[in-house]
Amino acid sequence: MDVLDWTRLQFAVVTIYHYFFVPLSISLAATAAGLQIAWLRTKKEQYLHLTKLVGKLLIVTFAVGVVTGLVQEFQFGLGWSAFARFYGDVFGPTLAIEGMLAFFLEATFLALWYFGWDRLPRAIHTACIVIVAVGTLLSAFIILAANSFMQNPVAYALDPVTGRARLTSFTELMLNKVNLAAFPHTISGAVMVGGALLLAVGVWRLAADPAYGILARLGAWLTLAGGAATALTGDHLGKVITEVQPMKMAAAEALYETTAGAPFAVFATGKPLPEFALEIPWLLSILAKGNPNATVQGIDDLQAQYAAEFGPGSYVPMIPVAFWTFRLMIGIGMLAAFLGALYLWRTRKGRQAPRWLTRWLPLIPLLPTAANTFGWIFTETARQPWIAFGISKVADGISPGLTSSEVIVSLAGFTVIYGVIAVVWLRLVRHLARQPLSPSAASAEKPELAPVY
Amino acid sequence: MITFWFSVVVLAWVLFFVLEGFDFGVGLLGPVLGRDDHERGAAVRTIGPFWDGNEVWLVAAIGVTFAAFPAWYSALLAGLYLPMVLLLLLLAVRGVALEFRGKGDGPRYRRRADIALALSSLGIVLVWGALLAAFVRGLAIDAGGDVVGGGFARTVGPVLTPAAGLGSLAALYAALLLGATFLALRTSGPVRRRARTLAQWLGTGGAVALLLLGLGTGSVVVLIAAVLAFVAGLLARTGREALAFAATAVGVAGSVVAVFTSHGSVVLHSTIDPAYALTRDAAAATPQALELLTWAGVLILPGVLAYQVYSYWVFRRRVASERVPS
């Protein structure tokens, strides 16, 4: 492995890790807001207790998101300073505006909400958590716009003097059609993760307190609805990507030859993949273009086309990685949605879920988390060799002078610290979920005046 | 336009260093000034609602630096790679220790969180001080803005100089004084008393050291800092805690401004050849990008400042560190 590989690996590790916590923060903020509004509307105490529980899960998750997100903000300069110089005009304002517009909102109002239960008028207090939820969505939209630029560069011109990218329209940058398709897909995926966590906590604690039943069913609904939305938005995103990055989708299907009425391979083996494949006829053409007879471009043709357009070199991403991450993303995500539906069905009208199901459901958050991770690995590795599609390559973005040993040291540091944080976070979530829902039931003699800090 | 954005960048860094400065100071002092679990909890609670919003000033500062001066951002971060990574790791430990402290179970867990908080805060302050000193000295950048050299010394070397050590000491001092005056201002009971005493000693003792340093180097900035430290100590002694904190904050703000403007229109000095130095104009983004930023800044930042002030106002009540007899 050379310094480029190490730096890519480091970017992947810290970004994937950051993204364990981001979808949770997005969905838990929205859930807390929803539960608090439900409490205000219905005046049912159990909604208040659930709001506080979700709030605690949110604040510890958000903290990890903040400190790992900070690393993201520095990453572009640390390991990818050539990229930062070249795209400074596009990326800089995007990150700066995300920080000023969204991140400040989230951090400040989350603290106001969490510590403000007995200091703020009820309406303002509720508004605080709604603002947090809106802030997380804004953040996601702006950051995804920056990523969408790398997939489908828009709103830029290359400066004839410096040769660097210049931003021509911020609105156009934000409304990149890849972003408009990726944002709903990403948010749906986030809803699944949050839903799965609530389902897991609810099922795990149901025996201790029947009030957790609401949490479990809410979580199951969110997992199912998020799953359905992920499928629909994913279908649309796939069509957009077929249009702007045909190579990515061809790699996802390991489709070498341009084919009309292309089949979808559910499973394939072989060295360059499909020597043996289990195929569903026409499905790929339907997925990619919405028409069973449509022609889907193959890898070989695209390679020839890119070589003619951009000069000699390989423009083919790692086929098995693209092929399998794409399938794992879909398969695991749909399994999670199915389990959510199964739980809802087996607990309909107050029925008891079977024991085998309740024993395994506490592990369900792993599924959508894995699906999200595979989705991002697919999105980013199948963009290779480009750092911004069609403009410059990943190899051109790395910081000049950076050495493998420097990156190995920093990667080791991130791995150790992030690993410890993950373990502590998991134990803390378990501890928080184990607390009795209504404080009065457990410690009536010792009322908690302010949040312990 | 470029000068305006340079001022905004400096302002963002000033706000970060002042606001997180007292956070760091409290993180350092809380576990020392608090004699038991309850008192330490009170100390940490003074920054509980604020640290996250303060830390976003780092996001804003680095973001605005990137947006307005991409070449500066690139040269600094890539050139100080390993110390910057260390800083980020320490910040990660600190943020998590702070936020996780009150959520876990039992005093032993909180004790561990306190130790992690104090040590990471200490590390952060020392690294920041060294980084700022290295920044004033300049880096070995070539004509392309990239730091030349080999091995770990390339990016670690600049923070292992005597000047960097002095920078670390100065930063530690500033954080301690900020933390002490902040704790004196924001708590009641034993923590407040101890913080006040510490602020007096730090103020007068530090003033003497700074005075000697200022006379030795002939630096006006250091002499002004000496006066401010003395005033802060005096104000803490007479119980004017808000003013003591303000005097310290002014001192820190002034020092940060002095650091960032130490080379005039050069934003990063080259230790190889002055001709390679990165100037404001060369580092700046295009006029279009700056115009976009101006609109965004004008529309967004006043609101940010307003709601952050609001949050300080909501949590203005002192945190009690004494035990209420039940």
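**Note on a predicted two-chain model**

1. **A buried glutamate.** E55(B) lies in helix α3 of chain B. The model is predicted. Is E55(B) buried or exposed? E55(B) is buried, because 24 other C-beta atoms lie within 10 Å, and 20 or more are enough to count as buried. Leaving out residues up to four places away in sequence, E55(B) touches V66(A), E20(B) and G95(B). L185(B) is another matter. E55(B) and L185(B) are 130 residues apart in sequence, and their C-alpha atoms are 21 Å apart in space.

2. **Where the chains touch.** Chain B gives 65 residues to the contact and chain A gives 58 residues. On the side of chain B that touches chain A, the elements that give two or more residues are α2 (37–45), α3 (51–68), α4 (70–79), α5 (81–100), α7 (153–156) and α13 (287–314) of chain B. Which element gives the most? α5(B) does, with 13 residues. By class, this side of chain B has 42 nonpolar, 14 polar and nine charged residues.

3. **Helix α10 of chain B.** This helix covers residues 220–237 and has 18 residues. From first C-alpha to last, α10(B) reaches 26 Å, close to the 26 Å expected at 1.5 Å a residue. Its buried residues include V222(B), A225(B), A226(B), L228(B) and A229(B). Also among them are V231(B), A232(B), G233(B), L235(B) and A236(B). What do the buried residues of α10(B) pack against? They pack against α8 (162–186), α9 (190–217) and α11 (241–260) of chain B. Just after the helix, G239(B) takes a positive phi of about 80 degrees.

4. **α9 against α10 in chain B.** The axes of α9(B) and α10(B) come within 7 Å and cross at roughly 160 degrees. The two helices are therefore roughly antiparallel to each other. Their crossing is left-handed. The contact of α9(B) with α10(B) has 15 nonpolar, seven polar and two charged residues.

5. **α12 against α14 in chain A.** Helix α12 (residues 319–346) and helix α14 (residues 366–381) of chain A have axes that come within 8 Å and cross at roughly 155 degrees. That angle makes α12(A) roughly antiparallel to α14(A). The crossing of α12(A) and α14(A) is left-handed. On the α12(A) side, the residues that meet α14(A) include V321(A), F326(A), M329(A) and I332(A). On the α14(A) side, L367(A), F374(A), I377(A) and F378(A) are among them. This contact has 15 nonpolar, four polar and no charged residues.

6. **A cis peptide bond.** Q384(A) and P385(A) are joined by a cis peptide bond, with omega of about 5 degrees. P385(A) sits in the loop between α14 and β7 (386–388) of chain A.

7. A155(A) is not a glycine, yet has a positive phi of about 60 degrees. A155(A) lies in the loop between α5 (122–151) and β1 (156–158) of chain A. With 19 other C-beta atoms within 10 Å, A155(A) is partly exposed. K349(A) is not a glycine either, and has a positive phi of about 50 degrees. Where is K349(A)? K349(A) is in the loop between α12 and α13 (355–360) of chain A. K349(A) counts as exposed because 4 other C-beta atoms lie within 10 Å.

Terms used: Residues numbered from 1 in each chain as written. Chains lettered and ligands numbered in written order. Predicted model: local features only at pLDDT ≥ 70, side-chain atom pairs only at ≥ 80, totals over all residues. Contact = placed C-beta atoms within 7 Å. Helix = DSSP H or I, 4+ residues; strand = E, 2+ residues; numbered from the N terminus. Nonpolar A, V, L, I, M, F, W, Y, C, P; charged D, E, K, R; others polar. Expected span 1.5 Å × (residues − 1). Buried ≥ 20, exposed ≤ 12 C-beta atoms within 10 Å, placed from the backbone. Axes fitted to C-alpha atoms, helices over the stretch in contact; angles between N-to-C directions. Parallel < 35°, antiparallel > 145°, perpendicular 65-115°, else oblique. Left-handed = near helix turned anticlockwise from the far one by under 90°.
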